[in-house]
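Dear colleague,

I am passing on the structure below, followed by an account of what turned up in it. Please read the notes alongside the coordinates.

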Amino acid sequence: MLKNTLTEILYVLVGLVCLYSTVKIVRSKDHPSRWPTALFWFILFIVFTFSRVGMIWGDAKVKISDTVIGYLVIILAVLSALKLVKIGKFSESTIEFKKESAMKIGNKIFIPALSLGVVAFIVAQVWAKQLGTLIALGAAALVASILALAFTRGKVSDMVEDGSRLLEMIGPVSILPQVLAALGSVFAAAGVGKLIASGMSHVIPQGNILAGVIVYCSGMALFTMIMGNAFAAFAVITAGIGLPFVIAQGGNPVIVSALGLTAGYCGTLMTPMAANFNIVPTAILEIEDKRWGVIKNQVPVALVMLALHMVLMYLWAF
Amino acid sequence: MIKLIGILIIVVGFVLKLDTIAVVVGAGLITGLVSGMSWNDIVTILGKAFVENRYMTIFIVSLPAIGLLERYGLRERAAYLISRIRSATAGRITSLYLVIRTISAVFSVRLGGHVQFIRPLILPMSMGAAENRYGQLEKKDEEKIKGLNAASDNYANFFGQNGFVAAGGVLLIVGVLKELKITVEAVDIATASLPMAGIILVVGTAQFLLNDRRLAKKYQIRQNEKKE
């Protein structure tokens, strides 16, 4: 109950950051793409704040229907496709100011930064059952904001401005993970996974353990790359390949399944479909190559890890 | 077979560098249509999944604090601090982060994240260490350090998290195997996940230190040339 209420309030806060961006963009007359960009962030404000707003007081019926949200998502996609979502101007401090205040504040500036992780950890440990990790993140963000204001003696308006600057810099990419999850749902409803699993099971020679291990591990990686999500792949590929071609041949189910899932993670490292791990960070870290900037570094490691998964599964599970 | 058209659209879209969000939504709509789902159902599934996965975008709430700290020189301070440690290199810092992040993931401590740790702390430290050694870096090498930084968080997160008994992945495995009429204990799955957590530390560290060596070679030669 409390968990649902707090989680929903957290989404309202996310929505408010989007709303701040919207208002600011509408006001800035020299914005390169004023109205479409404002519309983009306004839709996100609506979706985050109101889609399940009734959960705040425990009435799940007060919500925006999923169909309406679906159409809103399509509008977001169209705005993004037409390249109408752009970044405006921001008041950022100068390098000189940053260096000077870094010296003035000293190492105390790390306290609010570290509190993000530490407070999230403590809250998650103490109230794990009641609250879950999301609330822990939200509580940590709140504590870090207060500490940041206290130690820097900065203004609240600067803080909100900075938050929306980072958000607009990340831009439409910030919603990519959600859109991909939605695609995964459509794929699942359409039965794409079962089709692939049955197709792959035709290529494995019966009674060959090594072939089973290789196809299971690479199937997990490949299917994860397509879906962008190892969890979705695991159920399908383990039922379709892991059980009949590896476990049924005498493989220890504990070892086979544990390694099977992490073999899928090797695929996660190689796919732009896993946007929250591979694409969003390019925006967060301001990497120029938005598509492959992270992935190209991960591919060699992912391939080595995948090969090691096959070796370990073959030697350890049998 | 026609159902696979969505995957084809994604691949072609990525290769042609079309707008990613539009490609993904388009692939979903077309896959649904060719599979015989009604337009209304598809849009509803799309909207439902979007709302239910709002948690993926929750990192937005921590942006204001990080933004304000950056305004007051957080990254400059991190770079300054690291520049006083002579033995620090980009690769060593990234490796140390990989180790700490993996171990804390095994204990289900979410002490990490691209927004929470890499951008405000680890990246400025890595950059600071590299610039301290080699002076101004080429754009290409900066991009490489950023990419490896981002990768280190993913390595630790992916291969460390299943070492924890109540991790989402572990519970998923137990649940899926139960559906397949095989009973396994969560604690055994977590134990069987530990070797890979150890292996990624070795493989990841090797990658980060190799990049150190490459940088050292490249910029040392350059410095020698300047002297001659």
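Within chain B of this predicted model, confidence is highest in helix α8 (residues 139-161), where the pLDDT averages 96, and lowest in helix α1 (residues 5-15), whose mean is 84. Over chain B as a whole the mean pLDDT is 88, with 95% of the residues reaching 70 or more. For the model itself, the scores are ipTM 0.85 and pTM 0.82.

The contact between the chains involves 94 residues from chain B and 108 residues from chain A. On the side of chain B that touches chain A, 58 of the residues are nonpolar, 24 are polar and 12 are charged.

The largest nonpolar core holds 175 residues, and the members that touch the most others are A:Val73, A:Ala140 and A:Val179. Both domain 1 (2-52) and domain 2 (58-227) of chain B contribute at least three residues each to this core. If residues up to four places away in sequence are left aside, A:Val73 touches A:Val179 and A:Ala182 in chain A, together with B:Val25, B:Leu46, B:Gly47 and B:Phe50 in chain B.

With best regards

Conventions. Residues numbered from 1 in each chain as written. Chains lettered and ligands numbered in written order. Predicted model: local features only at pLDDT ≥ 70, side-chain atom pairs only at ≥ 80, totals over all residues. Core = buried A, V, L, I, M, F, W, Y, C linked by C-beta atoms within 7 Å. Buried ≥ 20, exposed ≤ 12 C-beta atoms within 10 Å, placed from the backbone. Domains from an automatic or database assignment. Contact = placed C-beta atoms within 7 Å. pLDDT = per-residue confidence, 0-100. Helix = DSSP H or I, 4+ residues; strand = E, 2+ residues; numbered from the N terminus. Nonpolar A, V, L, I, M, F, W, Y, C, P; charged D, E, K, R; others polar.
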